[in-house]
Amino acid sequence: MHILIIEDEKKTAGFLKKGLTENGFVVDVAHTAEAGLFQAHVSGYDLVILDIMLPDKSGWVVFEEMRRSGNTTPVLFLTARDSVEDRVKGLELGADDYLVKPFAFSELLARVRVVLRRPPVQKVQTIEIADLQIDLLKRKVRRAGQQIDLTQKEFVLLSLLAQRSGDVLSRTMIAEQVWDMNFDSDTNVVDVAIRRLRSKVDDPFTEKLIHTVRGVGYVLEKK
Ligand code: CA
């Protein structure tokens, strides 16, 4: 198994290379986006570990350029902070997994093994629940064929509920995932956002999809 690490921090790259080599992987390292793209292009890798913060281009751009050139090698992103925007972006782009720095090597190794064992599949682009369609790549939402315009946060909130359709999500969990911060559990920020989302996604339609579970939170599902 041949892995390419694209990471400008030499210490991190060296530590990853050493650990992965000790675990039987053949590892190359590139310290810039350009060098990484070149190597990914000329050598067949089983996995690319890609840092998002690179000096010349972001990891997102590297990933998009890889995919645009037809390179389907699985990619595991390394992100510096656990940002919801990063996660949503990674998901939209079709990242295979991501790891938030700092992480334990054992955690990385476990993710690497999971990604390598996973058969290549078509990434989910569109979620459909009843007559609601969410295009995660194009960030477009339609209901009963009508386009619905959402703000960025509303889109993240709806995507979260839709991806976990059938699961009741607590206000605290929603606050952490959508706003990337901890709210007091008695805050009504989530309730206000849900109300706005409902006014666009549910109110104009007969069938309601966003349901309140009293004392717990919210669930999006076809009842
Ligand atoms: Ca970096």
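Helix axes are lines fitted to C-alpha atoms over the stretch in contact, and angles between them run from 0 to 180 degrees between N-to-C directions. Keep that in mind as we look at this predicted model, where local features need pLDDT of at least 70, side-chain atom pairs count only at pLDDT 80 or more, and totals for chains, interfaces and linings use all residues. Residues are numbered from 1 along each chain as its sequence is written, and side-chain values use heavy atoms, with hydrogens and water left out.

Let's start with two helices. The axes of helix 6 (residues 152–163) and helix 7 (residues 171–179) come within 10 Å and cross at roughly 130°. That angle makes the pair oblique (under 35 degrees is roughly parallel, over 145 roughly antiparallel, 65 to 115 roughly perpendicular, and the rest oblique).

Now for the metal. Asp8 (OD), Glu9 (OE), Asp51 (OD) and Met53 (O) coordinate the calcium ion at 2.1 to 2.8 Å; donors here are N, O and S atoms within 2.8 Å of the metal (3.2 Å for Na, K and Ca), and sites may look incomplete, since water is not among the atoms. Glu9 and Met53 sit 44 residues apart. At 35% relative accessibility, Glu9 is partly exposed, while Met53, at 58%, is exposed (buried is under 20%, exposed over 50%, partly exposed in between, with a 1.4 Å probe and protein chains only).

Asp97 counts as buried because its relative accessibility is 16%.

Technical notes. Helices (H or I, at least four residues) and strands (E, at least two) are DSSP runs, numbered from the N terminus.
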